[in-house]
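Could you walk me through how to read packing, rings and charges in a protein model? Let us take it one feature at a time.

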Amino acid sequence: MTSPIVRRSSNQSGQSKEPERASSMLLASRRFAAWAAEITLVVASGLIPFGIGVYANSRSDLNRVPLNPVLVVTERAIARPLALPVSYGIRNVAWPTNILWTIALLAPVTLSWWQLYLLAKTGRTIPKRWFKVRVVNNQGKPPGLGAVVIREGVGRWTVPISIAYLLWRYSFAFPNLGLFTFLSLLMIVGEGIGLPSHRGRRALHDQLAGTYTIDTTRPLPSSLLANNRQAQSAGGNNEAEGQEEELTAAETNHSPNLWRRIQQNPNLTLFGVGLTSMTAVLATLIGTQVYIQIQQSQRATKQINSQQFLELVKQLTPNSGATNEQRQSAILAMGGLNDPQSIKFLADLLVSETNPSLLDTIQQSLTTVGPQAIPELKNKNQFLVSELESVGSAATKERELRQGRLQRNQRTINKILSVYSGKMEGVDLSSTQLGQSGTPGSSFFNLVLDNLDLSGVKFKSANLNQASFKSSRFRGVGEDGRWDTYDDVIADLSQAQLQQANLTDANLSRVLMNRIDLSRATLNRANLSNARLYDAKLNSTQLVGADLRNAVLERASLTGADLGDAKLNEANLYAARLGRVTAIGTQLSFANLTNTDWQGADLSGAYLDRANLSNANLSATRLAGAVLRSAQMENVNLQNADLSLADLRGANVAGADFKGAILAPSKEDPADQFVKTPDLGSVSAVVQGVDFSQAKNLDSKQLAYICTQGGIHPRCP
């Protein structure tokens with residue numbers, strides 16, 4: 001009779017546990033659903049205004065303004081830890097975009113803090129209320145703001161994201177953001193699953209904050225009820241006595257182990273304090289002594305250099321009686337000092353000296369100094385330029401003399417840049433004259449820096465006309481050795497003059513070139529992807545086969561430029577001037593071409609699929625064989641344009657002006673049997689399904705062609 005009883009009690013025990021397990025699983029799923037809803041609300045509050053802002057930015061009828069500085073700072077703050085490239089310089093967006101993107105930044109932050117406040121005061125956010133889930137402390141009450149910050153800020157996000165970041169940052173896949181996203185989700189889900197504890201399975205964030213996630217449809221757990229009753233009964237006793245008992249209990253149960261050991265071992269504590277104090281005093285004394293010795297050593301070295309400098313200056317004075325060889329040795333020795341006073345003296349000597357052999361030695365000495373000599377040479381360069389301008393443009397002996405001094409300065413800078421290739425980060429050559437000025441009788445010096453690493457050099461507003469930079473690199477990988485990350489070393493060519501310069505095969509990716517003048521320059525096969533060329537001058541520039549993907553050419557002037565076979569996918573050419581451009585076979589897919597002027601350009605065979613050509617001027621252009629599938633062509637001017645064999649399927653031509661436009665190749669003489677006619681199948685597909693209902697100035701011939709080739713218009717039969 002015993003065994004049946006045992007079996008019955010076992011079954012009853014198993015049956016009692018099954019509802020608990022089912023309830024636990026149901027609570028876990030509702031907790032996850034509530035968390036997912038919270039995240040969805042936060043993400044949606046940012047994505048919705050951001051998406052609307054992107055759409056507004058694509059509109060051509062909205063004024064454009066500089067990007068909000070708050071957004072710029074935020075972008076850079078996010079880019080650094082995630083190793084993302086950052087766009088510097090001018091960046092214009094539509095005015096509603098500035099407002100919407102600011103909302104997209106502030107809305108998630110505001111909503112997150114509102115949810116934290118609700119969680120602290122009531123134990124429930126709105127999604128937790130939906131799914132009947134509540135967060136309480138060990139007394140069954142709302143956790144409070146401090147516990148919520150620890151729970152959400154530290155436990156739920158900081159700990160798992162930090163672990164994921166460290167694993168990603170030092171893995172082989174860095175800087176692949178996809179892996180970081182996967183690791184972050186994995187860590188967050190793993191942390192949320194929880195760890196076993198004496199009161200059931202609890203997530204790490206709950207254990208850190210001392211909170212519990214409960215089901216509001218069920219009674220409060222017995223353990224929390226007991227804590228709640230104990231707290232209430234303790235509050236009913238004498239106030240002073242109760243406070244004393246609580247303090248004693250807190251000291252007994254929650255005192256840190258370290259504090260108890262300190263109380264139990266006062267002698268050991270005293271010894272530890274004394275040892276720590278002695279170590280701190282000793283470290284301070286040693287540090288002070290090392291600092292004093294370093295300062296004394298620097299002063300002694302400076303004094304020795306000053307003495308050597310004075311001795312060398314004496315040898316280089318005209319009345320010293322030193323031989324030419326001795327003067328050369330003194331010049332080389334002065335370059336070895338590598339201090340400001342010797343560099344300044346050599347830069348001045350380079351201008352005043354006339355002996356050719358000594359001039360070569362001075363250049364050699366300054367080259368030995370290296371990039372440290374650039375600031376002084378730059379100052380001297382600007383002084384010589386102003387001095388040369390003061391004598392006028394007439395060819396005189398005085399002008400020739402000063403021109404020779406400037407050329408020596410320019411050659412020295414050229415030599416330093418050549419020798420120290422790849423070691424010029426931070427070198428500032430802004431507003432330096434290193435090219436032809438274009439005025440009669442100007443310097444005939446030509447800067448030649450082919451196949452060099454010039455990443456990080458500042459050429460802002462510098463004169464580099466007719467310089468040669470063939471196959472040179474204006475961008476480096478930075479300390480992490482990876483491209484397209486935050487620490488990429490990038491040159492600054494903003495407002496520089498590079499007329500007729502040769503930049504064939506040069507790497508100018510992501511380089512700042514706002515308002516640069518590249519008129520008649522050669523950039524064939526150059527890499528200009530993601531470069532910033534806002535308001536740049538590229539008139540008659542050779543860009544055959546150049547890579548301009550994602551480049552910013554807003555309001556740039558490319559009149560007469562050759563863009564044959566160039567890649568401008570997703571480039572921003574808002575309001576750019578492209579009259580008479582040769583763009584045969586050019587790739588312009590997804591490019592922003594709103595308000596652009598292409599009058600008289602040749603776009604034969606160009607790829608313009610899904611490009612935005614709203615309000616563009618394409619009058620008198622040649623678009624034969626161009627691909628315009630799904631392009632936005634609202635209000636585009638196509639007067640007298642040649643669209644024969646162009647593919648317009650899916651294009652939006654509402655408001656487009658087709659006055660005089662050619663939609664089909666001209667008919668050939670039937671008697672001429674030797675002329676090969678184009679494939680009628682390809683011609684018939686040009687306008688198939690395209691809605692011309694709102695197009696302007698369609699004549700009867702154009703309408704007949706549209707209707708016979710499958711186009712849509714109210715006048716089609």
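This is a predicted model: local features need pLDDT of at least 70, side-chain atom pairs count only at pLDDT 80 or more; totals for chains, interfaces and linings use all residues.

Q: Where do I start: how many helices and strands are in the protein?
A: Start with the secondary structure: the protein has 18 helices and eight strands. Then look at burial: 42% of the 717 residues count as buried. The accessible surface of the protein is about 38000 Å², and carbon and sulfur atoms account for 56% of that surface.

Q: Which residues have the most contacts inside the largest nonpolar core?
A: A nonpolar core is a set of buried nonpolar residues joined through side-chain atoms within 4.5 Å. Here the largest such core has 115 residues, and Leu-493 and Phe-658 have the most contacts inside it. Among the elements that give two or more residues to this core are α11 (266–316), α16 (397–419) and α18 (700–708). A second, separate core has seven residues, including Leu-82, Ala-83, Ala-164 and Phe-180.

Q: What does Leu-493 touch, leaving out residues up to four places away in sequence?
A: Its partners include Phe-459, Leu-464, Phe-474, Val-511 and Ile-516. Asn-414 lies in helix α16 and is buried, with a relative accessible area of 10%. Beyond its neighbours within four places in sequence, Asn-414 is in contact with Phe-445, Asn-446, Leu-447, Val-448 and Leu-449.

Q: How do I read ring pairs, and how many aromatic pairs are there?
A: Look at the distance between ring centres and the angle between planes; planes under 30 degrees apart count as stacked. The count comes to ten aromatic pairs. One of them is Trp-114 with Tyr-117, a stacked pair at 5.8 Å centre to centre with 20 degrees between the planes. These two residues are three apart in helix α3 (residues 95–122), which means about one helical turn separates them. Trp-114 is partly exposed at 44% relative accessible area, and Tyr-117 is partly exposed at 43%.

Q: What is the geometry of the pair Tyr-165 and Trp-168?
A: Their ring centres are 5.6 Å apart and their planes meet at 55 degrees, so this pair is tilted. Both residues lie in helix α5 (residues 145–169), three residues apart. Tyr-165 is partly exposed at 24%, whereas Trp-168 is buried at 0%. Ring pairs also link Tyr-165 and Trp-168 with Phe-174 and Phe-180 in a cluster.

Q: Asp-348 and Lys-380 form a salt bridge; which of the two is buried and which partly exposed?
A: Their closest N and O atoms are 2.4 Å apart. Asp-348 is in helix α13 and Lys-380 in helix α15, 32 residues apart. Asp-348 is partly exposed at 26%, while Lys-380 is buried at 16%.

Conventions: Residues are numbered from 1 along each chain as its sequence is written. Side-chain values use heavy atoms; hydrogens and water are left out. Rings of Phe, Tyr and Trp (its six-membered ring) pair if their centres lie within 6.5 Å; planes under 30 degrees apart count as stacked, over 60 as edge-to-face and the rest as tilted. Helices (H or I, at least four residues) and strands (E, at least two) are DSSP runs, numbered from the N terminus. Buried means under 20% relative accessible area, exposed over 50%, partly exposed in between (1.4 Å probe, protein chains only). Contact means heavy atoms within 4.5 Å. Accessible areas come from the Shrake-Rupley method with a 1.4 Å probe; for residues, only the protein chains shown count as cover. A salt bridge is a side-chain nitrogen of Lys or Arg within 4 Å of a carboxyl oxygen of Asp or Glu.
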